[in-house]
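Subject: Structure for your review

Dear colleague,

Please find below the structure that I am handing over to you. I would be grateful if you kept it open while reading the notes that follow it.

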Amino acid sequence: QVQLVESGGGWVQAGGSLRLSCAASGSTVSIYVMGWYRQAPGKQREFVAVFAPSGTTNYADSVKGRFTISRDNARNTVYLQMDSLKPEDTAVYYCYAKSTMDYWGKGTLVTVSS
């Protein structure tokens with residue numbers, strides 16, 4: 001079992017920055033993919049950024065150049081640095097991990113005001 005806990009969400013004005021954190025615990029050695037998804041009000045959950053098994057990173061087109069995913073393996077933590085935030089980035093952001101099954105955190109709300 002893997003547990004994921006997100007933190008760092010909040011309210012910010014457009015153009016501002018936030019950094020999200022996702023701390024993994026439990027059977028973390030089995031994790032080979034970690035990343036972030038988001039779900040805006042009235043919309044489906046969508047991919048944001050991920051560390052692929054190779055260690056490379058992938059981003060949704062909508063966040064490329066503005067968001068940066070990073071990790072601290074010693075702390076089993078993945079981060080999402082979000083810069084130049086836009087109102088359309090408003091969503092609940094979910095941490096995701098894949099090992100023998102998929103795991104999700106409970107989410108952290110990011111609100112970007114215009």
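Two strands are said to pair if DSSP finds at least two bridges between them. The model is predicted, and the notes below should be read with that in mind.

**A hairpin**

Strand 7 (residues 67-72) and strand 8 (residues 77-82) run antiparallel and are joined by 6 bridges. One of the residues involved is Phe 67, whose bridge partner in strand 8 is Met 82. Together, strand 7 and strand 8 form a hairpin, with 4 residues between them. In the turn, Asn 76 has a positive phi of about 50°.

**The disulfide**

A search of the whole structure finds 1 disulfide. Which residues does this disulfide join? The two are Cys 22 and Cys 95, with a distance from S to S of 2.0 Å. The pair links distant parts of the chain, since Cys 22 belongs to strand 3 (residues 18-26) and Cys 95 to strand 9 (residues 91-98), 73 residues apart. The torsion about the S-S bond is about -80°, so the disulfide is left-handed.

Are these cysteines buried or exposed? Cys 22 has a relative accessible area of 0% and is therefore buried. Cys 95 counts as buried because its relative accessibility is 0%. The cut-off for buried is under 20% relative accessible area.

**Aromatic rings**

The search of the whole structure also finds 4 aromatic pairs. In one of them, the rings of Tyr 37 and Phe 47 have their centres 5.7 Å apart and their planes at 75°, so the pair is edge-to-face; planes over 60 degrees apart count as such. This pair links distant parts of the chain: Tyr 37 lies in strand 4 (residues 33-39) and Phe 47 in strand 5 (residues 46-51), 10 residues apart. Tyr 37 is partly exposed, at 23% relative accessible area, and Phe 47 is partly exposed, at 27%.

Tyr 37 also pairs with Tyr 96: their ring centres are 5.6 Å apart and their planes at 70°, so this pair too is edge-to-face. Tyr 96 is in strand 9, 59 residues from Tyr 37. With a relative accessible area of 10%, Tyr 96 is buried. Ring pairs link Tyr 37, Phe 47, Tyr 96 and Trp 104 into a cluster.

**A charge over two rings**

Finally, Arg 45 lies over the face of Tyr 94, 3.7 Å from the ring centre. The charged end of Arg 45 also sits over the ring of Trp 104, at 4.6 Å from its centre.

Yours sincerely,
A colleague

Methods:
Residues are numbered from 1 along each chain as its sequence is written. This is a predicted model: local features need pLDDT of at least 70, side-chain atom pairs count only at pLDDT 80 or more; totals for chains, interfaces and linings use all residues. Side-chain values use heavy atoms; hydrogens and water are left out. A disulfide is a pair of cysteine sulfur atoms within 2.5 Å. Helices (H or I, at least four residues) and strands (E, at least two) are DSSP runs, numbered from the N terminus. Buried means under 20% relative accessible area, exposed over 50%, partly exposed in between (1.4 Å probe, protein chains only). Rings of Phe, Tyr and Trp (its six-membered ring) pair if their centres lie within 6.5 Å; planes under 30 degrees apart count as stacked, over 60 as edge-to-face and the rest as tilted. A charge sits over a ring if NZ of Lys or CZ of Arg is within 6 Å of the ring centre and within 35 degrees of the ring normal.
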